[in-house]
Amino acid sequence: MTVSYYDAGLAPVFVICSVQAGALGLALERPHLAAALHIAATGALAIVIRESPDQPWPLPILGFVSLGALLLMLGLRQRWTVPVSVWWLSILMLVGLVTLSPGRSGDGDRWGANLSVYSGSTVLLLSAAIAARRRGRIHDELRQARRDVELEQAQRRYVEERARIAREMHDVVAHSMSLVHMKALSAPFRLAGAPPADTDAEFNDIARSARAALSEMRQLLGVLRPDDGESTESVPQPQLADIAALSAALTKAGTRIDVSLDERSRQTSPIVQLTVYRVVQEALSNVVRHAPAARTRVRVLVAGDLLHVSVRNAPSTRGGPRPDRGGHGLRGMRERISLLGGDLTTGTTPDGGYAVEATVPITGTVQEYT
C-alpha cells in the first residue's frame with residue numbers, strides 16, 4: 001500500500017518496514033537500540049516519500065502507527081524518562097528533515113499540521129501509557145508492602161510465641177521443680193532427729209510436688225500441641241485465691257510467708273488474676289532459691305482502678321546449700337505485667353532483703369504490639 005500510495009520504490013519501502021517491525025519486537029529487550037533503529041527507519045521513510053507533494057509529510061500514516069506503537073510499548077515497560085526522550089528525539093528528527101528539505105519546507109501548513117497532529121496524539125498516548133505503568137507499579141508496591149507486613153506480623157507472632165512458651169515453661173514448671181529441689185536440699189537440716197513418720201510424710205510431699213510438675217508439663221505440652229483431639233481450654237488456670245495454697249506449700253519447705261489478700265482483688269478479670277498469681281509465684285520461687293527461710297510478706301491491694309502487688313522478703317537467716325540461680329524469672333514477670341499495661345519494679349531493700357512490686361489495671365487486657 002505504501003508503494004502505490006506514495007509512488008515509492010518497493011525495495012527501500014520493504015527494508016524500512018522490516019526495520020520498523022523488527023524494532024518494535026526488539027523494544028521489550030533492548031529499548032534504546034530499538035528506539036534508535038525505529039527513528040532512523042522513520043526518517044528514511046520520510047526521505048523516500050518526500051517527492052509526493054499531495055500526501056502527509058514528513059510523517060506518513062505508517063509512521064504515525066509505528067511510532068505510536070513504539071512509544072506505547074516504552075511507556076508501559078520503561079521508566080518515564082525513556083519514552084519521553086524517544087518522543088523528543090522523534091520530534092527533533094522530523095524538524096530536522098523539514099529543515100533539510102527545501103522543496104517541502106516552504107509548505108508550512110502541510111508539515112506544520114502533520115507535526116502538530118503527531119505531537120498532540122502521541123503526547124496523549126504517552127501520558128496514558130506512563131500513567132498506566134505508574135498505577136501498575138503502585139499496585140505492585142502495595143502488594144509487596146502487604147506481603148512485608150504479613151511476614152513481619154508472622155515473625156512478630158513467632159517471637160511472641162517463643163517468649164510466651166519461655167514464660168510458661170519457667171512459671172509453670174520451674175516453680176514446682178525449685179520447690180522439689182529446695183525441699184530435698186533442706187531435708188537433712190529440717191528432718192534431723194525427726195521420727196520416721198515425719199520423714200515419710202516429707203518425702204511423700206516431695207513426690208506430690210514432682211507429680212504436680214509433671215502434670216503441669218503435660219498441660220503445657222497439650223497447649224503447644226492441641227492436635228490430639230483433646231481440648232486444653234478447659235484446664236483451670238490459677239487465680240488469686242490459689243496464692244494461699246502456694247504459700248502453704250512453701251511454708252512446709254521452711255519459708256515463712258505472710259499473705260494479705262484484698263477481697264476486692266478476686267473480682268478482677270481472670271487474665272489479671274493469672275498474671276498477678278504468676279508474679280507472686282515467681283517472686284516466692286526466687287525467695288526459695290536465693291533467700292531460704294527468709295520471712296516474706298505478700299500484699300495484694302486494690303486502690304481505685306489499679307491492683308498493687310508487693311512481695312518483700314527479709315535477708316536469709318539460714319545457711320546451707322542453695323540451688324543455682326536462674327536468669328529468666330524477672331524478665332518473664334516484666335513481660336507479663338507490660339502486656340497488661342502495668343509497671344514492675346524490683347530491687348534490694350534497705351535491710352538487705354528484696355522487693356518485687358507491680359501495679360496492674362484491674363480491667364487490664366492483653367495489649368497488641370504494632
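Of the 370 residues of the protein, 38% count as buried, where buried means under 20% relative accessible area, exposed means over 50%, and partly exposed lies in between (1.4 Å probe, protein chains only). The structure is a predicted model, in which local features need pLDDT of at least 70 and side-chain atom pairs count only at pLDDT 80 or more, while totals for chains, interfaces and linings use all residues. Residues are numbered from 1 along each chain as its sequence is written, and side-chain values use heavy atoms, with hydrogens and water left out.

The predictor's confidence in each residue is expressed as pLDDT, from 0 to 100. The mean pLDDT of the protein is 78, and 81% of its residues reach 70 or more. Confidence is lowest in helix α1 (residues 2-6), with a mean of 51, and highest in β3, with 94. Over residues 229-234 the pLDDT falls below 50, and this stretch has 2 contacts in the model beyond near neighbours in sequence; a contact means heavy atoms within 4.5 Å. The pLDDT also stays under 50 over residues 319-326, for which 15 contacts beyond four places in sequence are present in the model.

The secondary structure comprises 11 helices and 5 strands. Among the contacts with a separation of 6 or more, 72% join residues 24 or more positions apart. The protein exposes about 20,500 Å², of which carbon and sulfur atoms supply 59%; accessible areas come from the Shrake-Rupley method with a 1.4 Å probe, and for residues only the protein chains shown count as cover.

The interior was examined through its nonpolar cores, each a set of buried Ala, Val, Leu, Ile, Met, Phe, Trp, Tyr and Cys residues joined through side-chain atoms within 4.5 Å. The largest nonpolar core has 28 residues, and Val276, Val280, Leu284 and Val300 touch the most other members. Two or more residues are given to this core by each of α7 (108-190), α9 (243-252), α10 (270-290), β2 (296-303), β3 (306-313), α11 (329-339) and β5 (354-361). Helix α10 provides the largest share, 8 residues. Apart from this core lies another, of 27 residues, including Ile49, Ile91, Leu115 and Leu126. When residues up to four places away in sequence are not counted, valine 300 touches Leu240, Ile243, Ser260, Leu261, Asp262, Ser265, Val276, Leu307, His308 and Val309.

A further buried position is serine 66, with a relative accessible area of 7%. Serine 66 is found in helix α4 (residues 61-77) and, leaving aside its neighbours within four places in sequence, is in contact with Gln20, Leu24 and His38.

Helices α2 (10-26) and α3 (31-48) each give two or more residues to the nonpolar patch, and the largest share, 3 residues, comes from α2. Leucine 37 lies in helix α3 and counts as partly exposed because its relative accessibility is 36%.

Side chains of opposite charge can pair when their charged atoms come close. The structure holds 7 salt bridges, each defined by a side-chain nitrogen of Lys or Arg within 4 Å of a carboxyl oxygen of Asp or Glu. In one of them, arginine 312 pairs with glutamate 357, the closest N and O atoms being 2.7 Å apart. This pair links distant parts of the chain, as arginine 312 is in strand β3 and glutamate 357 in strand β5, 45 residues apart. Arginine 312 is partly exposed, with a relative accessible area of 29%, and glutamate 357 is partly exposed, also at 29%.

Another salt bridge joins arginine 143 to aspartate 140, with the closest N and O atoms 2.0 Å apart. Because they are 3 residues apart in helix α7, arginine 143 and aspartate 140 are separated by about one helical turn. Arginine 143 is partly exposed at 38% relative accessible area, and aspartate 140 is partly exposed at 40%. Arginine 331 forms a salt bridge with glutamate 335, for which the closest N and O atoms are 3.7 Å apart. Arginine 331 is exposed, with a relative accessible area of 56%, whereas glutamate 335 is partly exposed at 24%.

Methods:
Helix = DSSP H or I, 4+ residues; strand = E, 2+ residues; numbered from the N terminus.
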